Amino acid sequence: MKLAISGKGGVGKTTFAALLSRTLDEQGKHVLAIDADPDANFAAALGIENSDKITPIAEMKDLIFERTEAKPGTIGGFFKLNPKVDDLPDALSVKMGNIKLMRLGGVPKGGGGCICPESTLLKALVMHIVLARDEVVILDMEAGIEHLGRATAQAVDKLIIVVEPGRRSIDTATNIKKLAAEIRLENIAVVGNKIRSEKDEQFLNKHLSEFEILGFLSYDDALIEADLEGISPYDVNSPSKAQVEKMISRL
Ligand SMILES: Nc1ncnc2c1ncn2[C@@H]1O[C@H](COP(=O)(O)OP(=O)(O)OP(=O)(O)O)[C@@H](O)[C@H]1O
Ligand SMILES: [Mg+2]
């Protein structure tokens, strides 16, 4: 199962990705967690210690040079467009039990999309992970789907867009859906997060009628506390765990 998670900034993508990964791990699945957000905190949300010390792959200059035969930071020039990446998930992931985490990091953004050694390596890596790894793959992405090329998108089983009760996150979900359609990623579901009342659920049901709704997660102060204290949302007492279990059984 390969799942990509997206949505507007701050809606709870990383919280959901961490709850999902830890629950699947608890169920005995092997999880490969990919932090594809340059502003990374998936590792911390999983409960990995010293997560701030994990070097993002985009900053591994020697590796990028070795694999693409071009110096990171250069644009144009010649470099390998299909660098070797199949050994990287095992070599570079940080392990916590059966969960493996990789932190991709950010690549410099050029005007029309940068074709640089860093982004070429990351794209190849994400494609390999989605196409060839046999773990459950959970991709925590920024508010877009930039890491997914057309070929990779075809192999993603589901794009899960996290929304909260509010117009802006719904607009973002609609935009993400459009971008996804362009790369023919059509299996999309939404998760409604930070639900305070029946009214919130009704609001989302009403405005997301064109989406499959995978489930809802209650608003819970314990999750904010966990975030403030650097604890995984999975390691606090929260109704969200049972809610995520329900979603997994639907997947
Ligand atoms: N169900 C919830 N109830 C209460 N707070 C929540 C809930 N889900 C997430 N939060 C809080 O919302 C904040 C943002 O969550 P999170 O970092 O998971 O969002 P994100 O979408 O990954 O953000 P970013 O776009 O910055 O990556 C955090 O403080 C988190 O604890
Ligand atoms: Mg996040």
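**View 1. Who sits around ligand 1.** Of the 17 residues around ligand 1 in this predicted model, K13, T14, T15, N193 and D227 come nearest; "around" here asks for a heavy atom within 4 Å. Residue numbers start from 1 along each chain as its sequence is written, chains are lettered from A and ligands numbered from 1 in the order written. Local features need pLDDT of at least 70 and side-chain atom pairs pLDDT 80 or more, while totals for chains, interfaces and linings use all residues, and side-chain values use heavy atoms, without hydrogens or water.

**View 2. Backbone contacts to ligand 1.** Polar contacts here are pairs of N or O atoms within 3.5 Å. A backbone N or O atom of G10 sits 2.9 Å from a ligand 1 oxygen, and one of V11 is 3.2 Å from a ligand oxygen. On its own, ligand 1 exposes 630 Å², and the protein buries 83% of that (Shrake-Rupley areas, 1.4 Å probe).

**View 3. The open sheet.** Eight strands line up as β3-β4-β2-β5-β1-β6-β7-β8, with mixed pairing. Strands are DSSP runs of E, at least two residues, and helices are runs of H or I, at least four; pairing takes at least two bridges.

**View 4. β1 beside β6, with α7 across.** Five bridges link β1 (residues 2-7) to the parallel β6 (residues 158-163), and G7 has V162 as its bridge partner. Helix α7 (residues 167-182) lies across β1, β6 and β7, with contact meaning heavy atoms within 4.5 Å.

Notes
Axes are lines fitted to C-alpha atoms, for helices over the stretch in contact, and angles run from 0 to 180 degrees between N-to-C directions. A polar contact is a pair of N or O atoms within 3.5 Å; within protein, one must be able to donate a hydrogen and the other to accept it, and residues adjacent in sequence count only if both atoms are side-chain atoms.
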